[in-house]
Amino acid sequence: MMDLFVWLEHTPIANTIRTVRWIYPGLETTHYIGLSLLVGGIMLIDLRVLGFARTLPLKSMIGLLPFVWVGFIINALTGGALFIYGATSFGVNHAFWLKMTFMVLAGLNALAFDLSVRRAKVDWVAADLPPPHVKTFATLSFVLWLCVVTTGRWMAYI
Amino acid sequence: MGFFAWLDDTPLSHWVAETLWAYPTLETMHTVGMALLIGALGLIDLRVLGFKPELPLLETQRLLPLAWLGFTLNAFSGTLLFVSDAVMFSSSYTFRLKIALIILGGLNAALLGRSVFQAPLGGVPVRPSRGAKWIAGTSLVFWFGAVICGRLVAYTP
């Protein structure tokens with residue numbers, strides 16, 4: 001595994017990030033903008049499913065998912081580049097691997113949420129009556145993304 | 001000794017800077033607050049600009065408490081982070097620009113509240129005016145500008 005990290009750190013992408021002065025701060029800044037779209041959007045959707053701001057139609061709030069996806073793609077790209085740049089240190093960072101674990105769990109949870117929307121026998125979205133298990137997915141989503149942000153921030157300190 | 005140097009030597013400043021978990025915890029709080037503030041206010045701005053027309057315009061003000069929660073979290077965590085290294089932050093041009101953008105963003109949000117959310121008498125359906133759209137557009141510029149400046153404080157004079 002370490003060989004892979006060393007190799008990644010010597011790829012042209014990593015070398016470019018290391019040598020061109022503004023790329024690293026630019027990637028970090030873009031990662032924060034993506035985070036705002038991704039986590040901001042998801043928290044709005046989760047809170048709405050849990051009953052916050054009920055006068056906003058549930059269906060159109062779930063319709064914010066494209067913004068969330070844009071944030072996710074921005075952060076997968078910028079995060080991927082940042083990882084390649086520092087692979088040997090990120091690769092052995094416990095906070096980083098915890099963050100990845102929380103991301104996978106959040107992803108599986110989002111998949112379960114999505115399936116509950118698509119496979120619903122009763123159209124609970126239009127009726128604005130999310131079943132209890134969907135509320136559990138929303139709560140889990142909120143907590144898991146908080147964990148992703150927290151472990152991400154702690155990477156510099158562990 | 002200047003005010004900021006004095007601030008840097010207060011017990012609070014030492015506590016934030018030297019306690020193992022304080023600084024990262026405040027940073028985490030600042031990041032979550034940012035996501036809440038930008039998520040909620042950004043959605044209102046986008047709605048005023050005409051995105052997601054299926055969201056009832058006046059009802060988007062239900063998201064304002066969330067924006068306020070994010071703002072409060074960030075005013076609190078941001079102040080403590082500032083106190084931990086007051087001389088550095090106060091002398092950073094990027095940080096000063098960030099604060100200016102936050103003040104502009106705040107004034108802007110107050111203007112938006114006046115021009116969009118004060119419902120007209122008689123319940124006439126509201127469509128945002130050109131002026132309101134300008135306010136919403138500049139709001140996005142101010143707040144994303146504040147995020148960018150905040151991240152760049154560590155890399156710029």
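From the N terminus on, the elements of chain A run α-α-α-α-α-α-α-α-α, giving nine helices and zero strands. The model is predicted. In it, 24 residues of chain A are in contact with 27 residues of chain B.

**Chain A**
- The C-alpha trace of chain A spans about 55 × 30 × 25 Å along its principal axes.
- Of its 158 residues, 34% count as buried.
- Among contacts in chain A with a separation of 6 or more, 82% are accounted for by residues 24 or more positions apart.

**Interface between chains A and B**
- On the chain A side, 24 residues touch 27 residues of chain B.
- Helix H3 (23-49) and helix H9 (132-154) of chain A are the elements that give two or more residues to this side.
- H3(A) supplies the largest share, twelve residues.
- By class, the residues of chain A that touch chain B comprise 14 nonpolar, eight polar and two charged.

**Nonpolar cores**
- The largest nonpolar core has 61 residues, and Val39(A), Ala35(B), Leu37(B), Ala40(B) and Leu41(B) have the most contacts inside it.
- Helix H3 (residues 22-48) of chain B contributes the largest share of this core, 14 residues.
- Leaving aside its neighbours within four places in sequence, Ala35(B) is in contact with Leu35(A), Ser36(A), Val39(A), Gly40(A) and Met43(A).
- Another core, of five residues, lies apart from the largest one and includes Leu82(A), Ile84(A), Tyr85(A) and Phe90(A).
- As general background, nonpolar side chains tend to be buried together in soluble globular proteins.

Terms used:
Residues are numbered from 1 along each chain as its sequence is written. Chains are lettered from A and ligands numbered from 1 in the order in which they are written. This is a predicted model: local features need pLDDT of at least 70, side-chain atom pairs count only at pLDDT 80 or more; totals for chains, interfaces and linings use all residues. Two residues are in contact if their C-beta atoms, placed from the backbone, lie within 7 Å. Helices (H or I, at least four residues) and strands (E, at least two) are DSSP runs, numbered from the N terminus. Ala, Val, Leu, Ile, Met, Phe, Trp, Tyr, Cys and Pro count as nonpolar, Asp, Glu, Lys and Arg as charged, and the others, Gly among them, as polar. A nonpolar core is a set of buried Ala, Val, Leu, Ile, Met, Phe, Trp, Tyr and Cys residues joined through C-beta atoms within 7 Å. A residue is buried if 20 or more other C-beta atoms lie within 10 Å of its own, exposed if 12 or fewer, and partly exposed in between; C-beta atoms are placed from the backbone.
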